[in-house]
Amino acid sequence: MNESTRKVQPVSAEPETTDPIKTTTGFVYLLQALSFILGVTSVIGVIVNYLRLAEVRGTWLESHFVWQIRTFWFQLLWGLIGLVTSVFLIGFLIWGVVYFWTLYRVVKGWLNLAEERPMYAD
């Protein structure tokens, strides 16, 4: 192949490590989605978030990691509040709200990831 027929590869603004990290981010969304069935997979997901957080600092994927971490902790907090208040029957309502709130956050995050958009940006 000569110089004139060789294709030029576009230069990416993001470092090459973005693709594996993007895959990891999608994997964590999968783990969060599977937690509706298996329960404990969201714990694995948040551990992955914390282990890889330094790698995403300063990239658009950092907002996804923060989104995923906050989703886990608020889901846990309100799930426990629902457990304690289930004695008064309000806990079941809280669990329902937490279920749909978590579902919303997983779907919204996954859609933004697919479009390569950061979270918290309008």
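This is a predicted model: local features need pLDDT of at least 70, side-chain atom pairs count only at pLDDT 80 or more; totals for chains, interfaces and linings use all residues.
Colleague: How many salt bridges does the model contain?
Modeller: The criterion is a side-chain nitrogen of Lys or Arg within 4 Å of a carboxyl oxygen of Asp or Glu. Among the pairs that meet it are R52 with E55 and E62 with R57. By this rule the count is four.

Colleague: Which residue forms a salt bridge with E116?
Modeller: E116 lies in the segment after α4 (90-114), and its partner is in helix α1, 94 residues apart from it. The N to O distance of the pair is 2.9 Å.

Colleague: Is E116 buried, exposed or partly exposed?
Modeller: Partly exposed covers the range between the buried limit, under 20%, and the exposed limit, over 50%. The relative accessible area of E116 is 48%, so E116 counts as partly exposed.

Colleague: What separates R52 and E55 in helix α2?
Modeller: The closest N and O atoms of their salt bridge are 2.8 Å apart. R52 has a relative accessible area of 23%, and E55 has 42%. Because the two are three residues apart in helix α2 (residues 41-56), the separation is about one helical turn.

Colleague: What distance separates the C-alpha atoms of F27 and V48?
Modeller: F27 sits in helix α1 (residues 18-38) and is partly exposed at 42% relative accessibility. V48 is 21 residues apart from F27 along the chain, and their C-alpha atoms are separated by 9.4 Å.

Conventions:
Residues are numbered from 1 along each chain as its sequence is written. Side-chain values use heavy atoms; hydrogens and water are left out. Helices (H or I, at least four residues) and strands (E, at least two) are DSSP runs, numbered from the N terminus. Buried means under 20% relative accessible area, exposed over 50%, partly exposed in between (1.4 Å probe, protein chains only).
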